[in-house]
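This briefing sets out what can be read from the sequence and the coordinates shown below. It moves from the chain as a whole to single residues.

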Amino acid sequence: MDANQLSSPSAIAPNGPTPDDAGAATRGPSWLAVMSVAIGSFAFVATEYMPVGLLPQIAQELHVTPGTAGLMVTTPGIIAAISAPVLLLAAGRINRRLILLLLAALLLASNVVSALAPSFAVMLLGRALLGASLGGFWTVALGASGQLVREDQAARASATIFMGITLATVIGVPLGTLIADLSSWRVSFFATAVLAALALAAQALLLPSLPPKAAMRTDDFRAMLSRRSVRRSLLMVGLLFGSHFAAYTYIAPFLERNASFGASWVTAVLLGFGVVGFVANFVASAFVTRHLKASLLTLGALVLAALVALPWLQASRVGVIAAVMVWGIAYGAIPLCLSVWMQLTSPDRPEAGSSLFVSTVQIAIALGSLSGGAVVDHLSIAATLRFGALLAALSLLVIMNFDTRHATLKDVLEK
């Protein structure tokens, strides 16, 4: 598949509109509706990543270890992995507008419960509510994006919704950390509650009716998983995301304890991580479609190098910052590359492919943060960075296993 094919509406947003859907999109403020979903994506990702920068403060106040506190990332990941396909199967022909509004309300409730949590058990309840809404949001939102605008604008609509993810990655974690430094971690969760309320209000006002095109069946998932290329691709996705979250969940404690960074420096480094990732995401979009396998190999190798280097460089402030920035550059482009890769595996069943991708990512986030927490509690924070490096090395082996010497990557993935 060449760059022109991948930039077409059917490639980026395969659930493109039918003529009726396009007509519906033109009757309302469609681009405002797209922006309302993008606000939702920002709120969801900011809420999901929020505990990363607040882990030490929350662990101390709720009387748990940093490793146990990592369950705030693990819990929503596990539940989101289940909710993505289950919601798609259970939703049937329910209007997607109603589903998006219900999921936004759940996100608001999650943040309020987390902000008021008197104990770690209640905090996990709040994070469970996030998980219940998270998987369903991504499955429904990406599928609905093509219904909000004309067919020739579908790719731009999808890119706008993904912009919410990028912005949340750039400013979500450092902004939450900054708010916590100025007041408390509870105020950080109240801030994301305001974001969720804004997304709910915007979608209630701006989203048009979004009738589904067809009900998803379990046979669609079975057909996808029966293909070896799909199974290997999902393993690659899981290893890359698992590598990142096994280490990144505990980056704030590493910077504080191992590298002796103060709170303001931690905030600055996390902001830098997000900014370079934001830039890398857009730079990668210019060449990733033509060199997808090479891009993933390069990015995975950069993550591996950064995670191996950090424990060795912890006595050098400049060295630590440089390694974190390399890590940010690599991870900033990885979700885009993996999203394009998975599109190539499922051109005939885009909703099933999207759901499997979302589930795999959430499982990887959950297991990565959980296993990383176990390593932190039983060994050390530096050890979990090395564990993340091991997962990154395994992902490189899986990527190299896709033999493209005598065929295009598209042909290999479709088998």
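The points that follow are grouped by topic, beginning with the overall fold.

The model is a predicted one, and its protein chain contains 19 helices and 0 strands. Of the 415 residues in the chain, 57% are buried, and the accessible surface amounts to about 15,800 Å², with carbon and sulfur atoms contributing 69% of that area. Among the contacts in the chain with a separation of 6 or more, 86% are between residues 24 or more positions apart.

**Nonpolar core**

- The largest nonpolar core has 113 residues, and the members that touch the most other members are Met123, Ile251, Trp327 and Leu338.
- Once residues up to four places away in sequence are set aside, Leu338 touches Met236, Val237, Leu240 and Phe241, and also Leu296 and Phe357.

**One-sided burial in helix 11**

- Helix 11, which spans residues 218–225, has Asp220, Phe221 and Met224 as buried residues.
- An α-helix has 3.6 residues a turn, so residues three or four places apart point the same way.

- Apart from residues up to four places away in sequence, Thr192 touches Ala46, Thr47 and Met50, together with Asn111.
- Thr384 is located in helix 18 (residues 381–400), where a relative accessibility of 0% makes Thr384 buried.
- With residues up to four places away in sequence left out, the residues that Thr384 touches are Ala246, Ala247, Tyr250, Gly372, Val375 and Val376.

**The salt bridge**

- The count of salt bridges in the model comes to 1, and this salt bridge joins the side chains of Glu61 and Arg186 at 3.2 Å, N to O.
- Because Glu61 lies in helix 4 (residues 30–61) and Arg186 in helix 10, the pair ties together parts that are 125 residues apart in sequence.
- Glu61 is partly exposed, its relative accessible area being 38%.
- In general terms, side chains of opposite charge can pair when their charged atoms come close.

- Leu370 is placed in helix 17 (residues 350–378) and is partly exposed, with 39% as its relative accessible area.
- In sequence Leu370 and Gly67 are 303 residues apart, whereas in space their C-alpha atoms are 7.8 Å apart.
- Beyond its neighbours within four places in sequence, Leu370 is in contact with Leu71 and Thr74.

**Loop residues with positive phi**

- His63, in the loop between helix 4 and helix 5 (66–69), has a phi near 60°, which is a positive value in a residue other than glycine.
- His63 is exposed, with a relative accessible area of 71%.
- Ser260, which is found in the loop between helix 13 (251–258) and helix 14, has a positive phi near 60° and is likewise a residue other than glycine.
- Ser260 is exposed because its relative accessible area of 52% is over the 50% limit.
- For context, most residues other than glycine have a negative phi.

Note on methods:
Residues numbered from 1 in each chain as written. Predicted model: local features only at pLDDT ≥ 70, side-chain atom pairs only at ≥ 80, totals over all residues. Heavy atoms only, no water. Helix = DSSP H or I, 4+ residues; strand = E, 2+ residues; numbered from the N terminus. Buried < 20%, exposed > 50% of the residue type's maximum accessible area, 1.4 Å probe, protein only. Contact = heavy atoms within 4.5 Å. Areas by Shrake-Rupley, 256 points an atom, 1.4 Å probe, with all protein chains shown as cover. Core = buried A, V, L, I, M, F, W, Y, C linked by side-chain atoms within 4.5 Å. Salt bridge = Lys/Arg side-chain N within 4 Å of Asp/Glu carboxyl O.
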